[in-house]
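Here is a short briefing on one protein model. Please look over the sequence and the structure first.

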Amino acid sequence: MPLYVIATLLMIALDQIVKYWAFTSLKLQSSIPLIENVFHLTYVENRGAAFSLFAQLDSRWIFVSLAVGVTIAIFIVLRINYLQTGLGRWSLALVAAGALGNAIDRVVHGFVVDLFDFRLINFPVFNVADIFICVGGALFVIYFMFQHKDNEPNKESPVEPLETEPENHE
């Protein structure tokens, strides 16, 4: 478990360093085309949820509370070792890092700093924490589809299986 906590903290640090650069430098330039009309670095203040949903509401404390609640649940699941493979555990560490990275922005700024602007398909502007959440979510689905095995039934169960009488073929 300490490995996942350290990794989560490092991912949060990476997210916050990139957002700090965007907040202090990119904000002044507004947008930097890396590949013209394909991929830009564009400073955006996202006051809503994913893809600016609910931006018209002051819902930051709802999102902060949700992020903290989800992260607590994730670390409880990691602590009790419920997930059976590293893929499952790492997927949750990524989601926790992304949730907390965006929660920090909401507490500090009142909004989330976004900067990756993939214009080729008119995709919403996103950040490092969003990448962690999406990749972690996708890995979690893969884990449950292909790696998670239901636990064997408890052999000390108080309910005994029904025994059938052998057929008598006389």
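This is a predicted model: local features need pLDDT of at least 70, side-chain atom pairs count only at pLDDT 80 or more; totals for chains, interfaces and linings use all residues.

A search of the whole structure finds five salt bridges. Asp 15, Lys 19 and Asp 105 form one network through shared partners.

**Helix α4: length and cap**

- Helix α4 covers residues 128-146, 19 residues in total.
- At 1.5 Å a residue, α4 should span 27 Å. Its end C-alpha atoms are 27 Å apart, so the length agrees with expectation.
- Asn 127 caps the N-terminal end of α4. A side-chain oxygen of Asn 127 lies 2.9 Å from the backbone nitrogen of Ala 129.

**Helix α4: two sides**

- The buried residues in α4 are Val 128, Ala 129, Phe 132, Gly 136 and Tyr 143.
- An α-helix has 3.6 residues a turn, so residues three or four places apart point the same way.

- Lys 19 and Asp 15 meet through their side chains in a salt bridge, at 2.9 Å from N to O. Lys 19 and Asp 15 are four residues apart in helix α1, which means about one helical turn between them.
- Lys 19 also meets Asp 105 in a side-chain salt bridge, at 3.3 Å from N to O. This pair links distant parts of the chain: Lys 19 is in helix α1 and Asp 105 in helix α3, 86 residues apart.
- Lys 19 has a relative accessible area of 2%, under the 20% cut-off, so it counts as buried. Asp 105 is also at 2% relative accessibility and therefore counts as buried.

**A salt bridge between partly exposed residues**

- The side chains of Glu 45 and Arg 47 form a salt bridge, with 2.9 Å from N to O.
- Glu 45 is at 29% relative accessibility, so it counts as partly exposed.
- Arg 47 is at 40% relative accessibility, so it too counts as partly exposed.

Definitions and conventions: Residues are numbered from 1 along each chain as its sequence is written. Side-chain values use heavy atoms; hydrogens and water are left out. The expected span of a helix is 1.5 Å times one less than its number of residues. Buried means under 20% relative accessible area, exposed over 50%, partly exposed in between (1.4 Å probe, protein chains only). A polar contact is a pair of N or O atoms within 3.5 Å; within protein, one must be able to donate a hydrogen and the other to accept it, and residues adjacent in sequence count only if both atoms are side-chain atoms. A salt bridge is a side-chain nitrogen of Lys or Arg within 4 Å of a carboxyl oxygen of Asp or Glu.
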